[in-house]
Structures are given as structure tokens and as C-alpha cells.
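Subject: Structure handover and findings

Hello,

Here is the structure for your files. Please open it alongside this email and check the points below as you read.

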Amino acid sequence: MKESPGTSRICPAIKSFFSEKVSGMCTSSTKHKRLDPKLERKLMEAINRRASSGQRTFRSINSIIMRFPHFKEGLRNIKQVFEQYDEDSNGTIDWDEFNKCLDDLQVHLTKKEKDDIFQACDVDGIEGIQLNEFIVLLCLVYLLMKPSDYATLKLGSQYEATFDAIVEAFLFFDQNGDGKLNRKELVKALNDPSPWEKSPGHVNRKRFKEMDWTNSGKIGFKEFVFTLNDWVGVSGDDDHAHFK
């Protein structure tokens with residue numbers, strides 16, 4: 001049916017996101033491990049460099065939600081990389097497979113940095129890195145690389161574009177560019193002026209709780225990417241797993 005002039009149609013994904021009916025969220029971790037403080041600082045410095053560029057892809061929460069299908073497609077494509085290095089096809093990437101992956105991609109990190117990222121991304125209590133964890137792991141590795149090293153990265157421009165978009169989504173929420181999200185920043189981002197209704201307070205609290213695994217009131221980039229995986233439905237069984 002044709003819409004009347006002056007009216008707008010609310011995208012089902014946007015309506016669902018603001019309705020508490022987003023399923024399958026990561027509300028806690030059975031084996032949460034923080035990144036090493038030194039590595040955490042490097043990650044925050046990388047985010048600060050991005051923030052200082054002044055370039056912004058997303059201007060509202062709605063613009064991010066409307067990109068969910070693109071995020072989902074890009075992240076699911078990483079499954080091809082995952083399957084390539086899951087040499088024994090057991091559904092997990094072990095330490096040796098992880099090292100081979102980074103070597104082939106020409107990623108240069110110290111052994112301690114690699115070990116810390118591997119352990120920090122293995123959050124489900126099952127030994128080894130599974131697909132959803134592998135996505136977060138690669139995104140962290142990409143962000144930790146120096147921009148001058150991107151030219152030698154053997155990952156593929158389509159994956160780099162996906163990771164860049166994830167960083168931009170994080171920066172939309174990270175209003176002060178300090179590499180951490182707090183409740184005030186999240187509420188401000190969710191209630192950014194738009195043609196649709198603002199997010200109710202109880203939904204804001206729910207969305208924040210989904211990301212604040214340690215109940216510290218601060219959300220790091222790693223937790224954000226894990227939650228984004230859930231928001232877009234990467235680990236769902238079908239394309240409508242999270243937006244019903």
C-alpha cells in the first residue's frame with residue numbers, strides 16, 4: 001500500500017531493536033578475561049586515532065541498524081577464513097591454527113600479544129576459538145595493526161571494509177573518543193534525534209547490560225563487537241533469528 005505524504009515506515013529491525021525483543025544476546029560470559037592492560041592501551045590508542053580523524057560514517061543509531069544486513073553478510077563471510085584454518089574441521093581454531101592464520105595474513109604481533117588476544121576472545125568456556133569468537137579476534141587484530149601495515153595484510157578488502165564499519169559504529173557510541181562506552185554515551189546515542197520514537201529507559205538499560213559483562217559501567221571494544229555479532233544475528237540459525 002502506498003504511504004501517505006509526510007509519513008514514514010518504521011523498519012522492522014529498528015522497531016525490534018527498541019522493543020526488548022532482540023533475542024540471543026550475550027549478557028554474560030562464563031570465562032571472561034580482560035585484555036592485558038598494555039594491549040588494552042594499544043587498542044584504545046588505535047580507537048583514539050580513528051576518532052581524531054573526524055570522519056564519521058554513522059550519524060544516528062538508525063543508520064547503524066539499517067546497516068545490520070550488511071554487517072551480517074560481511075561477518076558471515078569470515079566463516080570462509082575460519083573454515084580454511086580449522087584444519088581438523090572440529091569447529092574451533094586451536095593455538096597452532098591461530099598462529100598459522102596470522103602468519104599467512106602477515107600480521108606481526110608478539111607471542112604475548114597473540115596469547116592475550118587468543119585467551120581474551122575464548123569466552124564460552126569451550127577450549128579453542130569458535131566462529132563468533134574468531135570474528136571478534138580478527139577485528140581486534142585488525143584494529144591493533146598500524147595503518148602502514150594494512151597494505152601487506154592478506155585478508156581482503158571486503159573484510160577490511162566490514163571491520164572499518166564496525167569501528168565506525170563503535171565511535172558513534174563512543175562520544176568522547178576515549179575507547180570506552182559508558183551508560184550516558186549509550187543513552188545519548190540511542191536517543192539521537194530521529195523520525196522514530198526514542199528508546200524507552202528500560203530498553204536503554206537492557207542494551208547497556210548486554211554489553212557490560214563485568215558490571216563495571218564501562219564497555220570496551222571487544223565486548224561491543226561480541227554484542228554487535230548478536231545484534232545482527234551472525235550466530236543465529238536463520239536470517240530472522242533476532243528480529244521477530
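What follows is a short tour of the fold, the core, the charged pairs and the cysteines.

First, the ground rules. This is a predicted model, in which local features need pLDDT of at least 70, side-chain atom pairs count only at pLDDT 80 or more, and totals for chains, interfaces and linings use all residues. Residues are numbered from 1 along each chain as its sequence is written, and side-chain values use heavy atoms, with hydrogens and water left out.

**Fold**

The chain has eleven helices and zero strands. Helices (H or I, at least four residues) and strands (E, at least two) are DSSP runs, numbered from the N terminus. Of the 244 residues, 52% count as buried. Buried means under 20% relative accessible area, exposed means over 50%, and partly exposed is in between (1.4 Å probe, protein chains only). Take contacts (heavy atoms within 4.5 Å) between residues at least 6 apart in sequence: 70% of them join residues at least 24 apart.

**Core**

The largest nonpolar core has 68 residues. Such a core is a set of buried Ala, Val, Leu, Ile, Met, Phe, Trp, Tyr and Cys residues joined through side-chain atoms within 4.5 Å. Phe 71, Ile 166, Phe 173, Phe 221 and Phe 224 touch the most other members. Helix α7 gives the largest share of this core, eleven residues. In general, nonpolar side chains tend to be buried together in soluble globular proteins.

Look at Phe 221. Leaving out residues up to four places away in sequence, Phe 221 touches Leu 43, Ile 47, Cys 139, Leu 140, Leu 143, Ile 166, Val 167, Phe 170 and Gly 179.

Val 232 is in helix α11. Val 232 is buried, at 4% relative accessible area. Val 232 and Glu 73 are 159 residues apart in sequence, yet 9.4 Å apart in space, C-alpha to C-alpha.

**Helix α6**

Helix α6 covers residues 111-121, and its buried residues are Glu 113, Lys 114, Asp 116, Ile 117, Phe 118, Ala 120 and Cys 121. They pack against α2 (37-52), α5 (95-105), α7 (131-144) and α11 (221-232).

**Charged pairs**

There are six salt bridges. The rule is a side-chain nitrogen of Lys or Arg within 4 Å of a carboxyl oxygen of Asp or Glu.

- Asp 36 and Lys 112 meet at 3.1 Å, N to O. Asp 36 lies in the loop between α1 (12-17) and α2 and Lys 112 in helix α6, so the pair ties together parts 76 residues apart in sequence. Lys 112 is exposed, at 52% relative accessible area.
- Lys 180 and Glu 40 also meet at 3.1 Å, N to O. Lys 180 lies in the loop between α8 (157-173) and α9 and Glu 40 in helix α2, so this pair ties together parts 140 residues apart in sequence. Both Lys 180 and Glu 40 are buried.
- Asp 104 pairs with Lys 100, with the closest N and O atoms 3.0 Å apart. Both lie in helix α5, four residues apart, about one turn of the helix. Asp 104 is partly exposed at 36% relative accessible area, and Lys 100 is partly exposed at 38%.

Glu 185 sits in helix α9 (residues 183-190). Glu 185 is buried yet has no salt bridge; the nearest side chain of opposite charge, Lys 218, is 6.1 Å away. For charge, Lys and Arg count as positive and Asp and Glu as negative; His and the chain ends are not counted. What does the side chain of Glu 185 reach? The backbone nitrogen of Asn 176, at 3.0 Å. Not counting residues up to four places away in sequence, Glu 185 touches Phe 173, Asp 174, Gln 175, Asn 176 and Lys 180.

**Cysteines**

The structure holds zero disulfides (pairs of cysteine sulfur atoms within 2.5 Å). Cys 121 is buried, with a relative accessible area of 0%, and Cys 139 is buried at 1%.

Best wishes

Definitions and conventions: A polar contact is a pair of N or O atoms within 3.5 Å; within protein, one must be able to donate a hydrogen and the other to accept it, and residues adjacent in sequence count only if both atoms are side-chain atoms.
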